[in-house]
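Biologist: Before we discuss any contacts, could you show me the chain and then take me through the terms step by step?

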Amino acid sequence: MMSTVTRPGVILPYYRATRNTFKSLVFPGAMELFTVAGKAELLIYQCCLSFLFPAPAGTRLAHTDIKIPDFSDYRRPEVLDPRKSSQDSSDTRKAFSYMLTGATAVVGVYAAKTVVTQFVTSMSASADVLALSKIEIKLSDIPEGKNMTFKWRGKPLFVRHRTEKEISTEEAVNIGELRDPQHDKERVINPKWVVVIGVCTHLGCVPIANAGDFGGYYCPCHGSHYDASGRIRRGPAPLNLEVPYYEFLDDNTLVVG
């Protein structure tokens with residue numbers, strides 16, 4: 001509902017415009033004879049015109065039926081009373097806010113951890129792939145002085161059973177003369193067994209075992225020579241043959257990976 005509140009406007013400009021004409025009509029030629037009583041009559045005339053012709057310049061609209069919203073259901077009981085200061089219950093309300101914020105943070109962190117764990121797990125290798133990541137080798141099948149090649153993770157794997165002469169020769173090498181300095185003891189767990197990945201460190205070719213100028217491995221593609229410890233001794237290869245992670249389960253079983 002909308003009501004109208006109106007203030008009568010003063011028609012003084014209209015009165016001023018017609019004052020002299022009115023005087024001339026009532027008292028021709030006697031404008032100067034107006035007395036105090038005459039002025040009172042003119043004031044009454046002015047008021048009558050004001051009520052007969054109200055000016056709408058002061059009109060405004062007032063909404064008198066609008067209900068003020070009540071937010072009491074959303075407010076805490078401590079601040080419902082308008083006569084009490086909200087500072088009196090600030091500690092209680094702060095404690096509740098801190099507890100709610102902390103609980104929300106804990107739940108958010110746990111949800112984020114769950115999402116990240118599920119995402120990382122989905123990207124990990126499956127069980128069958130993990131089963132192929134290791135290879136078990138029977139060492140009794142490799143005669144002394146020979147090298148056998150196995151397939152591990154799509155790459156050739158060299159397992160060499162060295163003789164005592166090869167062991168003493170490789171241990172006596174001056175590492176200061178090597179392109180990729182590394183002592184023989186740093187590359188083997190058991191001196192009798194050398195385990196290296198059969199990929200040339202030059203351009204990824206597969207070297208030939210028991211060949212080359214140093215009796216180890218030889219890459220015929222570009223002429224890289226490796227010794228019986230898999231160290232580069234001559235040719236363009238910059239690094240020694242890679243040694244994978246391996247361990248001995250017993251004296252006759254080797255697990256690579």
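Modeller: Helices (H or I, at least four residues) and strands (E, at least two) are DSSP runs, numbered from the N terminus, and two strands pair if DSSP finds at least two bridges between them. This is a predicted model, in which local features need pLDDT of at least 70 and side-chain atom pairs count only at pLDDT 80 or more, while totals for chains, interfaces and linings use all residues. Residues are numbered from 1 along each chain as its sequence is written, and side-chain values use heavy atoms, with hydrogens and water left out.

Biologist: How do you know that β3 and β12 pair?

Modeller: Strand β3 and strand β12 (residues 253–256) are joined by four bridges in the antiparallel sense, and pairing requires at least two, so they count as paired. One of the bridge partners is T253 in β12, which belongs with K138.

Biologist: Why are the rings of F158 and Y217 called stacked?

Modeller: Rings of Phe, Tyr and Trp (its six-membered ring) pair if their centres lie within 6.5 Å, and planes under 30 degrees apart count as stacked, over 60 as edge-to-face and the rest as tilted. The centres of F158 and Y217 are 5.1 Å apart and their planes are at 5°, so this pair is stacked. The pair links distant parts of the chain, since F158 lies in strand β5 and Y217 in strand β8 (residues 215–219), 59 residues apart.

Biologist: How do you know whether F158 is buried or exposed?

Modeller: Buried means under 20% relative accessible area, exposed over 50%, and partly exposed in between (1.4 Å probe, protein chains only). F158 has 2%, so it is buried, and Y217 has 0%, so Y217 is buried as well.

Biologist: Why is the charged end of R160 said to sit over the ring of Y217?

Modeller: A charge sits over a ring if NZ of Lys or CZ of Arg is within 6 Å of the ring centre and within 35 degrees of the ring normal. The charged end of R160 is 5.5 Å from the centre of the Y217 ring and sits over that ring.
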